[in-house]
Amino acid sequence: MAKIKMKKKSTSTDMTAMCDVAFLLLTFFILTATAKVPEALPVDMPSSTVQSKLPDADLAIITIGKGDDGKSKVFFDIKGREIRKRTLEGMGAKFGVTFSEDDKTKFALMDDFGVPVANLKQIIALKASDRAKANQPGIPIDSLDNQLKEWLLVSRRAAIDLDNKELQIAIKGDAKEQYPQIKKIMDILQDQKINSFNLVTGTRGKDF
Amino acid sequence: MAELNTGDGGGGKGGKVRSKKQNSKVDLTAMVDLAFLLITFFMLTTSLSKPQSMDLSLPDKDPKIDEVPVKVDENRTMTVMLGANNKIIYYMGLLATPIAGPKDITYGKDGIRREVLKRKKSVLEYSAAKGKPKQGIIVIIKPTKKSTYRNLVDILDEMAISGVETYAIVPEFSPEETKLIDPK
């Protein structure tokens with residue numbers, strides 16, 4: 001009797017194509033990656049159905065949220081290195097703090113911050129990873145010492161000087177923040193005749 | 001495929017010395033593993049999606065001297081008050097002689113959205129009957145001190161969803177309104 005022999009199939013698959021795809025994806029992700037930076041003031045944004053994106057350049061973001069101690073704080077961030085440098089120069093001149101060239105370069109690479117101008121030097125001197133832990137007290141916005149107003153004024157002027165463009169302002173508020181706090185920021189903006197600004201939100205569907 | 005014919009078996013009758021061909025197939029499994037690991041890492045650390053932003057334009061704060069205050073037909077106004085703990089109260093027209101409400105309502109598609117859409121339609125009918133079909137509803141949003149930022153964004157979002165073009169944020173309350181929204 002003739003036995004039917006089963007043909008043995010090779011168990012090794014050809015991985016070449018899979019390898020190609022994997023590396024293609026890998027290249028894509030490496031090139032598009034902008035690493036997440038730990039935020040100095042984490043904020044839980046409310047969501048909306050709006051589909052418009054935040055602009056990339058010529059943008060200042062005012063973050064309002066509660067710190068670890070439960071007090072609301074205001075942080076400020078400007079996008080664009082040149083504008084940041086120019087703004088820091090302007091603020092230094094206004095508040096009588098001198099910033100070295102090194103400080104300016106570091107400041108240009110930083111993200112949001114929330115300290116009075118007098119303490120800004122210390123924050124700049126910190127390492128990037130320590131800044132988030134530094135427990136920054138927030139930018140003063142009282143009527144007596146309204147530094148947010150000055151920051152806005154100086155950065156808008158810097159944007160016009162450098163790019164000949166009006167700086168866009170975005171408000172990034174914590175969802176649980178109470179309305180009067182937001183109103184205060186809007187009033188500061190409106191005092192400078194900024195009547196149109198962006199509210200940064202997350203996304204959600206229309207069914208809620 | 002990247003595979004070469006190796007061992008031809010016998011042959012070689014001519015007695016030529018052939019160097020033994022080695023199998024050129026490389027095991028790529030480990031490489032693929034590594035590639036996918038890196039992909040996963042980059043996918044998780046990338047923030048691909050930029051946050052959304054909602055445009056908000058407010059009227060000028062200091063009224064111009066020569067500006068005449070615009071009188072608005074009270075039949076077209078809907079007032080929405082945002083209170084503490086996600087509470088909303090709305091009414092149509094004037095509070096003393098309301099067309100509808102004042103009534104408690106919730107956020108979302110079954111609450112405020114349905115109401116806004118209904119009112120929008122009836123106001124358009126009312127305007128059409130008056131011969132000015134372009135005049136739509138005017139929504140006055142009144143956030144109290146206890147309402148949160150989420151409430152404000154939610155209600156602005158509702159305006160965008162239901163296509164209300166005219167709305168205003170007015171954080172001013174008459175004593176009657178305060179009694180309604182914040183009873184002590």
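1. Is B:Asn85 buried or exposed? B:Asn85 is exposed, because 8 other C-beta atoms lie within 10 Å of its own, and the cut-off for exposed is 12 or fewer. The model you are looking at is predicted. Find B:Asn85 in the loop between E2 and E3 of chain B. Then check its backbone. B:Asn85 is not a glycine, yet it has a positive phi of about 50°.

2. Now look at B:Asn86. B:Asn86 also sits in the loop between E2 and E3 of chain B. Its phi is near 55°, which is a positive value in a residue other than glycine. B:Asn86 counts as partly exposed, because 13 other C-beta atoms lie within 10 Å. The cut-offs explain the label: exposed needs 12 or fewer and buried needs 20 or more, so 13 falls in between.

3. Chain B has 4 helices and 6 strands. Read from the N terminus, the elements run α-β-β-β-β-α-β-α-β-α. Chain B has 184 residues, and 22% of them count as buried. Take the contacts in chain B between residues at least 6 apart in sequence. Of these, 56% join residues at least 24 apart.

4. Next, the sheet of chain B. How many strands does the open sheet have? The open sheet has 5 strands, in the order E4-E3-E2-E5-E6, and the pairing is mixed. Strand E4 (98-105) and strand E6 (166-169) of chain B stand at the edges. Each has a single partner strand, so one side of each is left without a neighbour in the sheet. From one strand to the next, the twist averages 15°.

5. Trace the pairs one at a time. Strands of a sheet pair through backbone hydrogen bonds, either parallel or antiparallel. Start with strand E3 (residues 88-93) of chain B and E4(B). These two run antiparallel, joined by 5 bridges. Within this pair, B:Gly93 stands opposite B:Pro98 in E4(B).

6. Move along to strand E2 (residues 77-82) and strand E5 (residues 138-143) of chain B. They pair in the parallel sense over 6 bridges. B:Thr79 has B:Ile140 in E5(B) as its bridge partner. E5(B) also pairs with E6(B), in the parallel sense, over 4 bridges. There, B:Ile138 stands opposite B:Thr166 in E6(B).

7. Turn to the helices of chain B. Helix H2 (residues 109-130) packs on H3(B) at an angle of about 45°, and the axes are 10 Å apart. That angle makes H2(B) oblique to H3(B). H2(B) passes H3(B) in a right-handed crossing. Which residues of H2(B) meet H3(B)? They are B:Ile112, B:Arg113, B:Val116, B:Leu117 and B:Lys120, and they meet B:Glu158, B:Ile161 and B:Ser162 in H3(B). By class, this contact has 4 nonpolar, 1 polar and 3 charged residues.

8. Chain A has a helix pair to set beside it. The axes of helix H2 (residues 81-95) and helix H3 (residues 101-109) of chain A come within 8 Å and cross at roughly 135°. That makes H2(A) oblique to H3(A). The crossing of H2(A) past H3(A) is right-handed. From H2(A), the residues A:Arg81, A:Arg84, A:Lys85 and A:Leu88 meet A:Lys104, A:Phe107 and A:Ala108 in H3(A). The contact of H2(A) with H3(A) has 3 nonpolar, no polar and 4 charged residues.

9. Finally, where the chains touch. The contact takes 50 residues from chain A and 44 residues from chain B. On the chain B side, helix H1 (29-45), strand E1 (52-57) and helix H3 (149-162) each supply at least two residues. H1(B) gives the largest share, 10 residues. By class, the side of chain B that touches chain A has 24 nonpolar, 10 polar and 10 charged residues.

10. Strand pairing also links the two chains. Which strand of chain A pairs with E1(B)? Strand E5 (residues 196-203) of chain A does, in the antiparallel sense, over 6 bridges. To find the pair in the model, look for A:Leu199, which stands opposite B:Met54 in E1(B).

How values were computed:
Residues numbered from 1 in each chain as written. Chains lettered and ligands numbered in written order. Predicted model: local features only at pLDDT ≥ 70, side-chain atom pairs only at ≥ 80, totals over all residues. Contact = placed C-beta atoms within 7 Å. Nonpolar A, V, L, I, M, F, W, Y, C, P; charged D, E, K, R; others polar. Pairing = 2+ DSSP bridges. Axes fitted to C-alpha atoms, helices over the stretch in contact; angles between N-to-C directions. Parallel < 35°, antiparallel > 145°, perpendicular 65-115°, else oblique. Left-handed = near helix turned anticlockwise from the far one by under 90°.
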